[in-house]
Amino acid sequence: MRGTTVVEPIDNRLFVLVLQHPQEKKEVLATAATICAALRRAELVVGLSWPNLARALGRPADAGKWGVLYLGSARPAAFGLEREIVAVDRAGTPTADQDAVLRGLEGVVLLDGSWSEAKTLWWRNPWLLRLRRLVLNPRHGSRFGRVRREPRPEALSTLEAAALLLKRLDGGPEVEAALLDRLDRLIADARPARPAQARKAARSNL
């Protein structure tokens, strides 16, 4: 019998906390579980609201040293910044101390669900406003392509978002490549079962 290759989890420094909307669990191409299986420091929690970061994480945490990825109405390309990750204030304007903000992060929260589901998680958890808000300005579009449409060019799947964050903030391109390899396998496995669902509304969070 052919042996099974054991893939060791990636030893990431930046903790990744995924808040998943309950409806996203039903989605064939949901990527949150893949993220947590691939990373040594990651946690997936399912629900709609939590009183604070510590309760969602399951341990004490300094909110000032955490970021949350939420695109919302921000248009990163309009900032004119040559950065793939941009820290913004509550008004959606880039902060002046980009490098300092990103360098000091201990963890990041990802909102996992469709566009509307991510918005629900954002508004039902006001404590997220205490975290450093991040938006992505990716150089390439989502790998989902025709398998699953994204609502905006800068919208990525949760796994792609995690890969980009870790590439820039922790681990470099090798970590990104390892995560995207898992995504490619997930897409390949799901493609035969999803021809009709490819026309569904976009499923992206960030």
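Reader: In which helix is the place of Lys119?

Author: The model is a predicted one. In it, residues 115-124 form a helix, and Lys119 has its place there. That helix is α4.

Reader: Is Lys119 buried, partly exposed or exposed?

Author: The relative accessible area of Lys119 is 40%. Buried means under 20% and exposed means over 50%, with partly exposed in between. Lys119 is therefore partly exposed.

Reader: What distance separates the C-alpha atoms of Lys119 and Leu71?

Author: Along the chain, Lys119 and Leu71 are 48 residues apart.

Reader: Which element gives the most to the largest nonpolar core?

Author: The largest nonpolar core has 38 residues, and Val16, Leu39 and Leu110 are among those that touch the most other members. Several elements each supply at least two residues of this core, including β1 (15-20), α1 (32-38) and α6 (173-190). With eight residues, the one that gives the most is α5.

Reader: How many residues of α5 are buried?

Author: The helix α5 has twelve residues. Among its buried residues are Thr158, Glu160, Leu165 and Leu169. The rest of the structure largely encloses α5, because the buried residues number eleven of the twelve.

Reader: Which residue just after α5 takes a positive phi?

Author: The phi in question is about 110 degrees. The residue that takes it, just after α5, is Gly171.

Notes: Residues are numbered from 1 along each chain as its sequence is written. This is a predicted model: local features need pLDDT of at least 70, side-chain atom pairs count only at pLDDT 80 or more; totals for chains, interfaces and linings use all residues. Side-chain values use heavy atoms; hydrogens and water are left out. A nonpolar core is a set of buried Ala, Val, Leu, Ile, Met, Phe, Trp, Tyr and Cys residues joined through side-chain atoms within 4.5 Å. Buried means under 20% relative accessible area, exposed over 50%, partly exposed in between (1.4 Å probe, protein chains only). Helices (H or I, at least four residues) and strands (E, at least two) are DSSP runs, numbered from the N terminus.
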